[in-house]
Amino acid sequence: MSSEFWIPPSRDLPSGRTAARAQHLRAEIAQGPRAGTGRKRLAAAAALVVVVAAALLATPAFGLRDRIVNLFAAEQPERQRPPQLIKRLFENMFDARPNESTGVVADKARVAIRLAIPGYGHQTLWVAPTRAGGYCSNVGCNRTRSTPFRVQMQIAGPTSTNSSPQPGSSNQHVFILGDTSIPKARGIAIQFEDGSFERTPLVWVSKPIDAGFFLYVLPKSHWKPGKRPVAVVAEDTQGQRLAGDAQVGSWLRDAQRSGLAPPPKEFNRLWLIVPFAAALLAAAALLAWRRLRC
Amino acid sequence: MELDDSVLWARSAEGDTGAFALLFERHAKAIYNYCFRRVGDWSAAEDLLSIVFLEAWRRRGKQLPPGKVLPWLYGIATNVVRNRRRSERRYRAALARVPAAEPAADFAEEAVDRADDERRLRHALHLLAKLPRRQQDVFVLCAWSGLSYEDAAFALRVPVGTVRSRLARARDALQELDRLEGHGPTEVPHTEETAEG
């Protein structure tokens, strides 16, 4: 047998060690599980994660809250009888051409998208078919599908869809919504002034509506100049541009000029100098006082 | 009358620390040697032995088929050795309470033998380390610790056929490695399926 593969000899534990280890084992298992440092560390790490997550979510400047709301708040389109208010909304819509009815079938209105937004409620995008083969939604009517891609911006108040936003109040919500009847459209990209973009899903509603709808909550981080939206683009599965709308940027700028959706205030870093300067002054005063005493 | 492992295990599951201590005394040597064969250090093997049994106590609710307590302990030992750092960290506080070894008067000769074991095992582990971890497990369990294929399969939670094939591959690979390193034909320990665990 090669020296490498002899069978290692079987040995007893050193003298007295079996008894010592057995005694130790008995003592350990008799007293039950102790609160180990591992658990303490785990608890500390969990607490740290919670604190950091809370801080990130609570800080509007990061804009994370809006994203997370978007992530969890999207609900599946539901089939339900439209409330009277919605039916009236559709019945009172007018076609772009004067004296021409939209021909909307208000009884067949249904929810395309519904988002739950904390501190606001729900934002719902209703859709209804028209007799001419088109559809109407909160955005308006596309009676004969003559417009393949439509975009609208809405600014809503703090507590309900009916309350008007107060100019200057930061407690507002900006929605970018719209629809497309381009069959290849599979997603929507919102492009921003800084060159970045975000994608939002397109919810395709089956026939007779047969169109895609989107509803995007514009994060407050994108209310800032330099980061505002400049265009909304419909894309296919490959991310290729199918249609676009560049009016959204001017809408937000106009709204901000009238005091709506004000840009979040930047934290002035100069304020950081104040405590530093105060500490420096205090140290200088202490030094001067000591010298005077001497 | 000596109680069967399964009876002791059942009592342990009910919280009988005395029954568990009996299991320890019965199998400490086997697990101690197995740990040594995996790490090549008698002192570390002693600590690993304690960890294996503390871990077994933690999992005492596990239902075991008759006659499978020792293979199951081997399975725990395999995991403990594989995750050695994590295991030692978990039981660091418990290990710190182990009473210190008292110096033995006529220990010198045995110490030399043990040092020799460690030296020789280092060479073997050096070759063994070149095998996939799963083959190492099977080789040490079957060829060095004498577990049957069935018990090794239970310990490692794999089918018996897998144990057979891994062991065959491990033997072939070790012979080849040994030949390449210039030691000539190697007699890798042969294991019968009926080998005693």
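Two strands pair if DSSP finds at least two bridges between them. By that rule, strand 8 (residues 187-192) and strand 12 of chain A are antiparallel partners, with 6 bridges. The structure is a predicted model, in which local features need pLDDT of at least 70, side-chain atom pairs count only at pLDDT 80 or more, and totals for chains, interfaces and linings use all residues. Residues are numbered from 1 along each chain as its sequence is written, while chains are lettered from A and ligands numbered from 1 in the order in which they are written.

**The two chains**

- Chain A has 6 helices and 13 strands, whereas chain B has 10 helices and 0 strands. Helices (H or I, at least four residues) and strands (E, at least two) are DSSP runs, numbered from the N terminus.
- Along its sequence, chain B reads α-α-α-α-α-α-α-α-α-α.
- Of the 294 residues in chain A, 26% are buried; of the 197 residues in chain B, 39% are. A residue is buried if 20 or more other C-beta atoms lie within 10 Å of its own, exposed if 12 or fewer, and partly exposed in between, with C-beta atoms placed from the backbone.
- Among contacts with a separation of 6 or more, residues 24 or more positions apart supply 59% in chain A and 66% in chain B. A contact means that the C-beta atoms of two residues, placed from the backbone, lie within 7 Å.

- Strand 12 (residues 229-235) of chain A is largely enclosed by the rest of the structure, because 5 of its 7 residues are buried.
- Strands 12 and 13 of chain A make a hairpin with 5 residues between them, and A:G239 in the turn has a positive phi of about 85°.

**Strand 7 of chain A**

- Strand 7 (residues 173-180) of chain A is mostly covered, with 7 of its 8 residues buried.
- One antiparallel partner is strand 6 (residues 149-156) of chain A, through 8 bridges. In this pairing A:I155 stands opposite A:V174 of strand 7.
- Strand 11 (residues 211-218) of chain A is also antiparallel to strand 7, through 7 bridges. The bridge partner of A:I176 in strand 11 is A:Y216.
- In a regular strand the side chains alternate between the two faces of the sheet.

**Helix 2 of chain B**

- Helix 2 (residues 17-39) of chain B has a kink of about 55°, centred on B:H27. The bend at a residue is the angle between axes fitted to the seven residues ending there and the seven starting there.
- The expected span is 1.5 Å times one less than the number of residues in the helix.
- After helix 2 of chain B comes B:G40, with a positive phi near 70°.

- Helix 4 (residues 69-82) of chain B has 14 residues and reaches 20 Å from first to last C-alpha, close to the 20 Å expected.
- In helix 4 of chain B, 12 of the 14 residues are buried, including B:W72, B:L73, B:Y74 and B:A77.
- The cover over these buried residues includes helix 1 (5-13), helix 2, helix 3 (42-58), helix 5 (84-90), helix 8 (133-144) and helix 9 (149-156) of chain B.
- B:D178 lies in helix 10 (residues 160-180) of chain B. B:D178 is buried because 21 other C-beta atoms lie within 10 Å.
- B:D178 and B:L127 are 51 residues apart in sequence, yet 7.6 Å apart from C-alpha to C-alpha.

**Nonpolar cores**

- The largest nonpolar core has 54 residues, of which B:C35, B:V52, B:L73, B:A77, B:C142 and B:A152 touch the most other members. This core takes at least three residues from each of domain 1 (1-99) and domain 2 (111-187 + 193-197) of chain B. The domain bounds come from an automatic or database domain assignment.
- Another core, of 43 residues, lies apart from it and includes A:A109, A:L115, A:V232 and A:L260.
- A nonpolar core is a set of buried Ala, Val, Leu, Ile, Met, Phe, Trp, Tyr and Cys residues joined through C-beta atoms within 7 Å.
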